[in-house]
Amino acid sequence: MTDARLTLLPIPGEGTYYNLACVEGGQRVPFALHGVTERLYVRQAIEVVDDHCQTVSYAYRYQSGEEKSSWLLRWEYFRERPRPDYEYPLAHVHALVRAHAFTRPRLWIFPAVSG
């Protein structure tokens with residue numbers, strides 16, 4: 001799938017929190033995938049609690065290029081609402097789809113379903 005390596009980085013000022021991401025030149029970056037030109041961005045925030053880790057939040061983006069704005073599909077999760085006016089379900093998927101070549105892209109948002 002990829003030759004990229006994920007790195008565990010401490011989150012500054014958050015003693016027991018870490019980000020898991022692909023890092024190049026000190027920046028979190030999307031990584032190349034084998035056989036396609038699209039890239040995958042991974043950022044998972046983890047908190048160490050006693051003798052285990054738990055996910056605080058994550059963002060995964062399947063994107064057409066290096067830029068954050070080039071996402072085609074993205075999965076996001078927050079254990080707790082990040083701000084009072086946050087409008088999405090805590091676990092959700094965004095899909096940018098084009099119904100026809102001559103129409104504008106549309107944003108579809110789906111709540112994540114746990115099984």
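Among contacts in the protein between residues at least 6 apart in sequence, what percentage join residues at least 24 apart? The figure is 24%, where contact means heavy atoms within 4.5 Å.

## Getting started

Welcome to this structure, which is a predicted model: local features need pLDDT of at least 70, side-chain atom pairs count only at pLDDT 80 or more, and totals for chains, interfaces and linings use all residues. Residues are numbered from 1 along each chain as its sequence is written, and side-chain values use heavy atoms, with hydrogens and water left out.

## The overall picture

The protein has nine strands and zero helices, giving the pattern β-β-β-β-β-β-β-β-β along the sequence. Here helices (H or I, at least four residues) and strands (E, at least two) are DSSP runs, numbered from the N terminus.

Of the 115 residues, 27% count as buried. Buried means under 20% relative accessible area, exposed means over 50%, and partly exposed is in between, with a 1.4 Å probe and protein chains only. The accessible surface of the protein is about 8000 Å², and carbon and sulfur atoms account for 55% of that surface. These areas come from the Shrake-Rupley method with a 1.4 Å probe; for residues, only the protein chains shown count as cover.

## Around E47

E47 counts as buried because its relative accessibility is 14%. Its side chain joins that of R79 through a polar contact of 3.4 Å. A polar contact is a pair of N or O atoms within 3.5 Å; within protein, one must be able to donate a hydrogen and the other to accept it, and residues adjacent in sequence count only if both atoms are side-chain atoms. Not counting residues up to four places away in sequence, E47 touches T16, Y17, H52, C53, Q54, V56 and R79.

E14 lies in the loop between β1 (6-10) and β2 (17-24), and is partly exposed, with a relative accessible area of 39%. E14 and E47 are 33 residues apart in sequence, and their C-alpha atoms are 9.1 Å apart in space. D50 is found in the loop between β5 and β6 (52-63). D50 is not a glycine, although it has a positive phi of about 55 degrees. With a relative accessible area of 74%, D50 is exposed.

## Aromatic rings

How many aromatic pairs are there? The count comes to four, using rings of Phe, Tyr and Trp (its six-membered ring) whose centres lie within 6.5 Å; planes under 30 degrees apart count as stacked, over 60 as edge-to-face and the rest as tilted. The rings of F78 and Y86 form an edge-to-face pair, because their planes are at 80 degrees, with centres 5.3 Å apart. Y86 and Y88 also form an edge-to-face pair, with ring centres 5.6 Å apart and planes at 80 degrees. F78 is partly exposed at 22% relative accessible area, while Y86 is buried at 10% relative accessibility.

Ring pairs also link Y58, Y60 and Y77 into a cluster.

Y60 belongs to strand β6 and is partly exposed, at 23% relative accessibility. The side chains of Y60 and Q44 make a polar contact (2.4 Å). Leaving out residues up to four places away in sequence, Y60 touches Y41, V42, R43, Q44, L73, R74 and W75.

R74, one of those neighbours, lies in strand β7 (residues 71-78). Is R74 buried or exposed? R74 counts as buried, at 16% relative accessibility. Its side chain makes a polar contact with the side chain of E76 (2.7 Å). Beyond its neighbours within four places in sequence, R74 is in contact with Y60, R61, H92, V93 and H94.

Two arginines are placed over rings. R74 lies over the face of W71, at 4.5 Å from the ring centre, and the charged end of R61 sits over the ring of Y41, 3.9 Å from its centre. A charge sits over a ring if NZ of Lys or CZ of Arg is within 6 Å of the ring centre and within 35 degrees of the ring normal.

## Cysteines

The whole structure has zero disulfides, a disulfide being a pair of cysteine sulfur atoms within 2.5 Å. C22 is buried, with a relative accessible area of 4%, whereas C53 is exposed, with a relative accessible area of 54%.
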